Amino acid sequence: AGVYNGHPSDNAATLIPIIEPEKNWPSISTTKSTHGRGGMISKLSTARKASKLGITTHIAAVHTPNVIIDLVNNQKIGTVILPSKRQSNIKRWIAYSTEQKVGEISINQGLYEILQQNRKVISILPVGITACRGNFKKGDVVEIFAPNQTSIGIGLARYDSDRLQNLIGQKNKAVFIHYDHLHIF
């Protein structure tokens, strides 16, 4: 029927009507229901990803009569997961373009820490890049790797791999991936 603050079979568990990702994210039971296929953890994981992309998600029981119509009509059914913040259409497209990536870059520890803090708007410049792999051109999707080689995001290249190779690590050079075309996982 939605997300509960305990296992739904527990009489003390109550339905959580709204989840605001920036305020509260519930800890939930890891037990699957008898008819469930992925459990609430997988549902909330998908809802969290959608929320980060600016998409509202509803979790409700499909067997409830008229559930879809009632949700469309803003009836209070199940749990609604609000969006973290509205993302631009280009950022949403980039977020779902992981299979279209053509190249890769690795970034230094300083840039990695700034991106992980997510406190300010930041673009990726050559000074923060330590390596470039692949043959890509302007506008191609490039995957971004942390110093430990973990994939942390993707973005659109503002120039080709040959030019970037010549600029890696240099200060005062043109932005390689602009913030508006950057998606951090």
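Buried means under 20% relative accessible area, exposed means over 50%, and partly exposed lies in between, with a 1.4 Å probe and protein chains only. E104 falls in the middle class, because its relative accessible area is 23%. The structure is a predicted model, in which local features need pLDDT of at least 70 and side-chain atom pairs count only at pLDDT 80 or more, while totals for chains, interfaces and linings use all residues. Residues are numbered from 1 along each chain as its sequence is written, and side-chain values use heavy atoms, with hydrogens and water left out. Helices (H or I, at least four residues) and strands (E, at least two) are DSSP runs, numbered from the N terminus.

**Salt bridges**

- A salt bridge is a side-chain nitrogen of Lys or Arg within 4 Å of a carboxyl oxygen of Asp or Glu; by this rule the model has two salt bridges.
- One of them joins K101 to E143, with 3.3 Å between the closest N and O atoms.
- K101 belongs to strand β6 and E143 to strand β8, so this pair ties together parts that are 42 residues apart in sequence.
- K101 counts as partly exposed because its relative accessibility is 36%, whereas E143 counts as buried at 10%.
- E104 and R133 also meet in a salt bridge through their side chains, at 3.0 Å from N to O.
- Here E104 lies in strand β6 and R133 in strand β7, so the pair ties together parts that are 29 residues apart in sequence.
- R133 has 30% relative accessibility and therefore counts as partly exposed.

- Five of the five residues of β8 are buried, which leaves the strand mostly covered.
- Both of its faces are covered: V141, E143 and F145 are buried on one side, and V142 and I144 on the other.
- Two strands pair if DSSP finds at least two bridges between them.
- β6 and β8 run parallel and are joined by five bridges; the partner of I105 in β8 is I144.
- β8 also pairs with strand β9 (residues 151-156), in the antiparallel sense and over five bridges.
- F145 has S151 as its bridge partner in β9.
- β8 and β9 form a hairpin with five residues between them, and Q149 in the turn has a positive phi of about 70 degrees.

**Nonpolar cores**

- A nonpolar core is a set of buried Ala, Val, Leu, Ile, Met, Phe, Trp, Tyr and Cys residues joined through side-chain atoms within 4.5 Å.
- The largest such core has 20 residues, and those with the most contacts inside it are I105, L115, I124, I144, L164 and F176.
- At least two residues of this core come from each of β6 (101-107), α4 (109-117), β7 (129-133), β8 (141-145) and α5 (161-167).
- Apart from it lies another core, of eight residues, including V3, I16, L44 and A47.
- Contact means heavy atoms within 4.5 Å; leaving out residues up to four places away in sequence, F176 touches several residues, among them I105, I124, F136, V142 and L164.

- D140 sits in the loop between β7 and β8.
- D140 is buried yet has no salt bridge, and the nearest side chain of opposite charge, K137, is 4.1 Å away, where Lys and Arg count as positive, Asp and Glu as negative, and His and the chain ends are not counted.
- A polar atom of the D140 side chain lies 2.8 Å from the backbone nitrogen of K137.
- Beyond four places in sequence, D140 is in contact with V102, G155, L156 and A157.
- S161 is in helix α5 and counts as buried because its relative accessible area is 3%.
- The side chains of S161 and N135 are joined by a polar contact of 3.4 Å.
- A polar contact is a pair of N or O atoms within 3.5 Å; within protein, one must be able to donate a hydrogen and the other to accept it, and residues adjacent in sequence count only if both atoms are side-chain atoms.

**The loop residue L82**

- L82 lies in the loop between β5 (79-81) and α3 (89-95), and at 28% relative accessibility it counts as partly exposed.
- L82 and E20 are 62 residues apart in sequence but 5.4 Å apart in space, C-alpha to C-alpha.
- Not counting residues up to four places away in sequence, L82 touches I18, I19, E20, P21 and S51.
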